Amino acid sequence: GNPGPQYRHTRHNIGFMLVDRLAARLDVKFSRLESKALVTKGEHGGCRIVLAKPQTFMNLSGQAVGALLRFYKIPPEHFMVAYDDVDLPLGTIRIRPDGGSAGQKGMASIIERLGTQEFPRLRLGVDRPPGRMQAADYVLQDFSAGEAEMLASTLDRGVDAVLTFVTEGLNAAMNRFNGSI
């Protein structure tokens, strides 16, 4: 996501929305700034969870992610990035064990900083831009009021998918949650 209130409800910030919903589910609050990210910690099913929202702009997310993974000594397979994907319809989530950036500049930054593409990711569909609108302009728009119910359902499924990843593993999360509502 991007920091700042002007970006809070944009399609590009659906990853932050998911992390905020996950923090609420875990009953934790973001209260510390570490390594250029807002950070909080929680627990689920006997597993410790560190949640982070980089406070760099999306295209520089790798700065915060790389520093946090080194500080907490988190191996890439125990880490998951949630982010927007214009190639998936709203209501669709797709979990993958690895992969490229597919043109998503935040993911490109993370891959560059980590030196690997081999880490789990949760892609959250935000739909394609209408007509000839550029994707970069589209993802900086807020979700419409008509999309609110679908967005809420998508975020709830995304939280369930992350918690499944934490307690049961990546394959269980992919098998149970990949696809649309």
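Tyr7 counts as buried, at 19% relative accessibility (buried means under 20% relative accessible area, exposed over 50% and partly exposed in between, with a 1.4 Å probe and protein chains only). The model is predicted, so to speak of local features a pLDDT of at least 70 is needed, side-chain atom pairs count only at pLDDT 80 or more, and totals for chains, interfaces and linings use all residues. Residues are numbered from 1 along each chain as its sequence is written, and side-chain values use heavy atoms, with hydrogens and water left out.

A pair of aromatic rings is described by the distance of the centres and the angle of the planes. Across the whole structure, a search finds 3 aromatic pairs (rings of Phe, Tyr and Trp, the last by its six-membered ring, pair if their centres lie within 6.5 Å; planes under 30 degrees apart count as stacked, over 60 as edge-to-face and the rest as tilted). One of them joins Y7 and F57, whose ring centres are 6.0 Å apart and whose planes stand at 85°, so the pair is edge-to-face. This pair links distant parts of the chain, 50 residues apart: Y7 belongs to the segment before helix 1 (14–26), and F57 to the loop between strand 3 (47–54) and helix 2 (61–72). Helices (H or I, at least four residues) and strands (E, at least two) are DSSP runs, numbered from the N terminus. F57 is partly exposed, with a relative accessible area of 45%.

F71 and Y72 also pair edge-to-face, with ring centres 4.9 Å apart and planes at 90°. F71 is exposed at a relative accessible area of 54%, whereas Y72 counts as buried at 16%.

Charged side chains meet rings as well. K53 lies over the face of F16, 5.6 Å from the ring centre, and the charged end of R121 sits over the ring of F119, 4.4 Å from its centre (NZ of Lys or CZ of Arg within 6 Å of the ring centre and within 35 degrees of the ring normal).

Turning to the sheet, 3 strands form an open arrangement in the order 1-2-3 with antiparallel pairing (two strands pair if DSSP finds at least two bridges between them). Strand 1 (32–34) and strand 3 stand at the edges with a single partner strand each, so one side of each is left without a neighbour in the sheet. Strand 1 pairs with strand 2 (residues 37–44) in the antiparallel sense over 3 bridges, and L33 stands opposite L38 in strand 2.
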